[in-house]
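Could you walk me through this protein? I am new to it and would like a guided look at its charged pairs, its overall build and one of its pockets.

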Amino acid sequence: MTTITAAPERPPSGGTAAKPARRRGDVQRSGRLAAVLLSPTFIVLALVVGYPILAALRESLYRRGQGLDADGFVVQGDQFVGLSNYLDIFTGPSASVFWGALWNTSFFTVTTVAIETVLGMCMALIMHWAFRGRALVRASVLVPWAIPTAVSALLWRWVFQADGVANAMIGREVLWTTEGIQAKFAVIIADTWKTAPFVGLLVLAGLQMIPRDVHEAARVDGAGAWHQFWRITLPLVKPVLLVAVLFRLLDVLRMFDLPFVLIGAQKESVQTLSMLAYDEASNLRYGAAAAYSTILFVYVAVVAYAFVKLLGADVIGEMRQARAAGDRRVRLRLPFRKG
């Protein structure tokens, strides 16, 4: 008996075998199109971000002025000094000024961001409630954030002057704009007043994205207000809150105009790294100023990287997971239809 085996059927052209290749081709074309569309942005970023960073790195390795070379001859102009500017910053005569400015920058960052996060969260919860005049409250919250920082610093300088409102309220005369811990408190109060609404508005946007039926289900299950906030509200607004905190960290680390206008220049109590770099540049010590700026850039980059890695500020990934979970919930709620 002869057994006849049928040959396997070949998929027609354009069938399932060609679909993966077609999808790969579509992905490649989409990638090339995205690269072409984003190339102008990359060029602009390279010009306005990349070139200044490289120029600052190059400038930090030089020292401008008049000096003597190894043979005792007078040399005028830019001189290559290698890492001497950095060594002078860390171990030179002005090392104490640098460490003081670094401490002030870190102190302002930790204290103001912590206070602004708590106050911003409270403001967002209040503005999220349904009450009469809520629109007026939201508009009034925008006012401090909309005022330019220099103008805000001038307003608070008037408040903190010797015969100002602050001393009239506490009933004693405090020299807020002089050296001392009171100058730090003045900067913290002014910065919190201005930028806490920013955190509140971002958190408010996250609160408005939480479905109401989630809280209603929690209330039906017997959860109190604290448990709802800790178990539902805070985890759901975590991506937005982390973005707000990250923005504030990067902003406070570069603080310059508020203490410069409110307290003044060359005040060691409130001098930050940005103010120190400005002071060096205003005295035509561009090499030292570039070194301070480079150190500040590295400090900001390390803090941002550590914040993202340690606290898990993967906002895009969390948003995708939340969106996928929402899509699954929608599919589960759809009625089953028979074909």
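Arg58 is partly exposed, at a relative accessible area of 42%, where buried means under 20%, exposed over 50% and partly exposed in between (1.4 Å probe, protein chains only). Its side chain meets that of Glu59 in a salt bridge, with N to O at 3.7 Å; the term stands for a side-chain nitrogen of Lys or Arg within 4 Å of a carboxyl oxygen of Asp or Glu. Glu59, by contrast, is buried, with a relative accessible area of 16%. Side chains of opposite charge can pair when their charged atoms come close.

Before going on, please keep in mind that this is a predicted model, in which local features need pLDDT of at least 70 and side-chain atom pairs count only at pLDDT 80 or more, while totals for chains, interfaces and linings use all residues. Residues are numbered from 1 along each chain as its sequence is written, and side-chain values use heavy atoms, leaving out hydrogens and water.

A search of the whole structure finds 7 salt bridges. In another of them, Asp88 and Arg63 meet at 3.0 Å, N to O. This pair links distant parts of the chain, 25 residues apart: Asp88 sits in helix 2 (residues 84-91) and Arg63 in strand 1 (residues 62-68). Helices (H or I, at least four residues) and strands (E, at least two) are DSSP runs numbered from the N terminus. Asp88 is partly exposed at 34%, and so is Arg63 at 36%.

Next, look at Arg254, which forms a salt bridge with Asp251, their closest N and O atoms being 3.8 Å apart. Through shared partners, salt bridges join Glu116, Asp191, Arg248, Asp251 and Arg254 into one network.

Now step back to the whole protein. There are 13 helices and 2 strands, and 34% of the 339 residues are buried. Among contacts (heavy atoms within 4.5 Å) between residues at least 6 apart in sequence, 66% join residues at least 24 apart.

Finally, visit the second largest pocket. A pocket is an open set of points on a 1 Å grid over the protein atoms alone, where a 1.4 Å probe fits, with protein on both sides within 12 Å along at least five of seven lines; lining residues have an atom within 4 Å of a point. Here 17 residues form the lining, and His128, Trp129, His215, Arg219 and Thr233 lie nearest the centre. Helix 3 (95-128), helix 4 (134-146), helix 8 (212-220) and helix 9 (225-253) each supply at least two lining residues.
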